[in-house]
Amino acid sequence: MLSLDHVSKTYQDGTEAVRGVSFDLQPGEFAVVLGQSGAGKSTLLRCINRLVEPTAGRIALDGSEITGAQPARLRQQRRHIGMIFQNYNLVARSMVLTNVLAGRLGYTPVAAALINHFSRQDVAEAHATLDRLGIADKAHRRADSLSGGQQQRVGIARALMQHPKIILADEPVASLDPAAAGSILEILKDINTRDGVTILCNLHVPELARRFGRRILGMKAGKLVFDTVPDALDAAQIDTLYDMPVSP
Ligand SMILES: Nc1ncnc2c1ncn2[C@@H]1O[C@H](COP(=O)(O)OP(=O)(O)OP(=O)(O)O)[C@@H](O)[C@H]1O
């Protein structure tokens, strides 16, 4: 469903953050990109929805090319791609419900979106989604009054409102304590298995990658260095990703 063909990104200062990355994801996969800080994971994920413009290569979603898409088509393609961020990317001073409804913007006429006018159906769905994620009672709170784990649930609810085919999760638990991290990844797993949404998730902790990923893509210095399944991931492979050994 997602296809990357020799994707590269060189930033203006000459940093080669992503170097010739190719892989395909099948519908319903839960794939983790594992690598240390600076490996290029975030740049890679952002290339997929063109928050970062790749400098070379081709990216396609369900056969429709994202690279080179004109703005109107790109907007349409982005509807299908939910994104979750390490720092949640919520509008801090806005209500939780407003943040969640932002996930419908890609489907809302511009004039209505400008005045934050959403259909009753969208509002009902936003409440139901918050309920599913266990924070129904927070709908009318300011986003920045929530804990980190709760804010990430709002980020996930916003992504779900897009009815995405795929969710890109960029270090979604890096700012959370282990318990909150586990519950956020459980939520992503549930969305993957129950809703069939494909997940591509950046992580830097091997143990979490092993626990939640059903496929693990190892990334180092902008390149994919392995593509494996958790049971086959060994200590030597993990050590290749990190400058300091992390395995016993
Ligand atoms: N806007 C930018 N301009 C120049 N270089 C950048 C830019 N953004 C990232 N980089 C560099 O690109 C490389 C890859 O960064 P990236 O953030 O993609 O890695 P990462 O694996 O996601 O790490 P982290 O988890 O710390 O964000 C790093 O060397 C980083 O310094």
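This is a predicted model: local features need pLDDT of at least 70, side-chain atom pairs count only at pLDDT 80 or more; totals for chains, interfaces and linings use all residues.
Select Phe118 together with Leu101, Arg104, Thr108 and Val123. Now trace the backbone on either side. Phe118 sits in the loop between helix H4 (110–114) and helix H5 (120–132).

Is Phe118 buried or exposed? Phe118 has 22 C-beta neighbours inside 10 Å, so it counts as buried. The cut-off for buried is 20 or more.

Draw a line from its C-alpha to that of Phe118: the distance is 35 Å.

**Two backbone stops**

Move to Asn89. Look in the loop between strand E6 (81–84) and helix H3 (96–101). Asn89 has a positive phi of about 55°, yet it is not a glycine. Most residues other than glycine have a negative phi. Asn89 counts as partly exposed because it has 15 C-beta neighbours inside 10 Å.

Then jump to His163. This residue lies in the loop between helix H6 (148–160) and strand E7 (166–170). Its phi is also positive, near 50°, and His163 is not a glycine either.

**The ligand**

Select the ligand and the residues around it. The shell has 13 residues. Tyr11, Ala17, Ser37, Ser42 and Thr43 come nearest. Which helix gives the most to this shell? Pick helix H1 (residues 41–48), which supplies three residues. Colour the shell by class next. Three residues are nonpolar, seven are polar and three are charged.

**The two domains**

Zoom out and colour by domain. Domain 1 covers 1–80 + 164–248, and domain 2 covers 89–163. Their centres, taken over C-alpha atoms, are 24 Å apart. The contact between them takes 13 residues from domain 1 and 11 residues from domain 2.

Stay on the side of domain 1 that touches domain 2. Select helix H2 (71–79) and helix H7 (178–195): each supplies at least two residues of that side. H7 gives the largest share, five residues. Finish by colouring this side by class. Eight of its residues are nonpolar, two are polar and three are charged.

Terms used:
Residues are numbered from 1 along each chain as its sequence is written. Helices (H or I, at least four residues) and strands (E, at least two) are DSSP runs, numbered from the N terminus. A residue is buried if 20 or more other C-beta atoms lie within 10 Å of its own, exposed if 12 or fewer, and partly exposed in between; C-beta atoms are placed from the backbone. Two residues are in contact if their C-beta atoms, placed from the backbone, lie within 7 Å. A residue is near a molecule or strand if its C-beta atom, placed from the backbone, lies within 6 Å of it. Ala, Val, Leu, Ile, Met, Phe, Trp, Tyr, Cys and Pro count as nonpolar, Asp, Glu, Lys and Arg as charged, and the others, Gly among them, as polar. Domain bounds come from an automatic or database domain assignment. Lists of a residue's contacts leave out its neighbours within four places in sequence.
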